[in-house]
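Reader: I've got a model open. Can we walk through how the helices pack?
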Amino acid sequence: MTWYVVDGVDGSGKSTIANIIQEKLALCRRRVLVSTHPDSSCLSGRMTSAFLYKDTRIAAVISTIFYVVNILRSLHIKKKLSKKYDDFIFVRYDLAVAYIPERIMCFAYKVILSVLDIPDVRIFVDISPEVAMSRIIGRGNKLEMFETLERLTKVRKKMLSIARNWVIIDNSSSIEQTETSINQIISGFVS
């Protein structure tokens with residue numbers, strides 16, 4: 001079993017990358033489960049999302065708590081279904097710590113790394129904040145509290161600072177280059 005995590009700022013293309021990985025693994029006859037966070041199919045995911053639309057400190061704290069519960073739920077499901085699936089893909093996981101204040105981010109990330117399971121493959125989908133913001137606006141949805149150019153810029157910088165030992169995919173290149181990068185990543189894990 002291989003566990004992939006695909007992370008990055010909002011609008012970076014995490015879900016697109018996860019779908020490409022899933023399709024490529026399926027072509028190799030691998031059974032794949034994708035978990036996206038926040039997961040709207042459960043209460044903790046819906047609550048995470050609901051509080052992201054309220055731009056207050058307390059809403060950010062509450063959203064973070066529900067996000068942690070959502071991640072723990074997905075980890076439980078992954079463990080429970082480990083014999084049913086060959087691979088798991090999480091869209092968003094531990095880099096979400098970059099959304100909390102910088103003064104506690106590094107400490108929180110160390111705690112997360114010591115407490116939570118570590119994925120086999122960690123992919124950071126990188127893109128300029130300007131392109132990410134353009135994609136977010138293009139969706140036509142209501143903006144979440146972190147979906148401003150200023151906040152995307154800060155979060156991206158923080159994510160890059162803690163994404164050491166992550167595979168970085170520049171998602172501003174062509175889809176062919178992105179697929180080549182993905183092929184290189186998964187080739188070592190598919191027998």
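Reader: What is the handedness of the crossing of α4 and α6?
Author: The α4 and α6 crossing is right-handed, that is, the near helix is turned clockwise from the far one by less than a right angle. This is a predicted model, where local features need pLDDT of at least 70, side-chain atom pairs count only at pLDDT 80 or more, and totals for chains, interfaces and linings use all residues. Residues are numbered from 1 along each chain as its sequence is written, and side-chain values use heavy atoms, without hydrogens and water.
Reader: Which residues make the contact of α4 and α6?
Author: Glu102, Met105 and Tyr109 of α4 meet Lys158, Ser161 and Ile162 of α6; contact means heavy atoms within 4.5 Å.
Reader: And at what angle do α4 and α6 pack?
Author: About 30°, with their axes 11 Å apart. Axes are lines fitted to C-alpha atoms, for helices over the stretch in contact, and angles run from 0 to 180 degrees between N-to-C directions.
Reader: What about the core: which residues have the most contacts inside the largest one?
Author: Tyr93, Leu95 and Met159, in a nonpolar core of 37 residues. Such a core is a set of buried (under 20% relative accessible area, 1.4 Å probe, protein chains only) Ala, Val, Leu, Ile, Met, Phe, Trp, Tyr and Cys residues joined through side-chain atoms within 4.5 Å.
Reader: Where do Ile21 and Leu25 belong?
Author: Both are in a second, separate core of 18 residues, which also includes Val32 and Ile185.

Technical notes. Buried means under 20% relative accessible area, exposed over 50%, partly exposed in between (1.4 Å probe, protein chains only). Helices (H or I, at least four residues) and strands (E, at least two) are DSSP runs, numbered from the N terminus.
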